[in-house]
Amino acid sequence: MPISLTVGDIVEMKKQHPCGCKNFEITRVGMDVKIKCLGCSKIIMLDRRTFEKRMKKFIERKNEEVE
Ligand SMILES: [Zn+2]
């Protein structure tokens, strides 16, 4: 089931980034999802499916909609 993603959402990933940070900001949503590490600002691109598998939860959502 697709998760609704919005640019600006902050997510926690299951695996932490090598810099030790687990929280990422979504910077692009499409076929691929770009996320920016909030620890070191590195941008990572994942295909949507991989992203959804690796994401743990939302920390902050831009668009609070019906869940
Ligand atoms: Zn990092």
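This is a predicted model: local features need pLDDT of at least 70, side-chain atom pairs count only at pLDDT 80 or more; totals for chains, interfaces and linings use all residues.
Let's start with burial: a residue is buried here if 20 or more other C-beta atoms lie within 10 Å of its own, exposed if 12 or fewer, and partly exposed in between, with C-beta atoms placed from the backbone. Residue numbers run from 1 along each chain as its sequence is written.

Now for the overall layout. The chain has 1 helix and 5 strands, taken as DSSP runs numbered from the N terminus (H or I of at least four residues for helices, E of at least two for strands). Read along the sequence, they come as β-β-β-β-α-β. The radius of gyration is 11 Å, close to the 11 Å that the globule rule gives for 67 residues, so the chain is as compact as a globular protein of that length. That radius is taken over C-alpha atoms, and the rule is 2.2 Å times the number of residues to the power 0.38. Along the principal axes, the C-alpha atoms fill a box of roughly 35 × 20 × 20 Å.

On to the sheet. Two strands pair if DSSP finds at least two bridges between them, and the 5 strands form an open, antiparallel sheet in the order E4-E3-E2-E1-E5. E4 (43-47) and E5 (55-60) stand at the edges with a single partner strand each, so one side of each is left without a neighbour in the sheet. On average, neighbouring strands are turned by 40° against each other, direction ignored; the axes behind that angle are lines fitted to C-alpha atoms.

Further in, E1 (residues 10-13) runs antiparallel to E2, joined by 3 bridges, and Val11 has Phe24 as its bridge partner in E2. E2 and E3 pair in the antiparallel sense over 5 bridges and form a hairpin with 2 residues between them. Across this pair, Phe24 stands opposite Cys37, while Val29 stands opposite Val33.

What makes up the largest nonpolar core? A core of this kind is a set of buried Ala, Val, Leu, Ile, Met, Phe, Trp, Tyr and Cys residues joined through C-beta atoms within 7 Å. Here it has 9 residues in all: Leu5, Val11, Phe24, Ile26, Val33, Ile35, Cys37, Phe51 and Met55. Strands E2 (23-29) and E3 (32-37) are the elements that give two or more residues to this core, and E3 gives the most, with 3.

Leaving out residues up to four places away in sequence, Cys37 touches His17, Cys19, Cys21, Phe24 and Lys42. Leu5 sits in the segment before E1 and is buried, with 22 other C-beta atoms within 10 Å. Leu5 and Glu52 are 47 residues apart in sequence and 10.0 Å apart in space, C-alpha to C-alpha.

Definitions and conventions. Two residues are in contact if their C-beta atoms, placed from the backbone, lie within 7 Å. Axes are lines fitted to C-alpha atoms, for helices over the stretch in contact, and angles run from 0 to 180 degrees between N-to-C directions.
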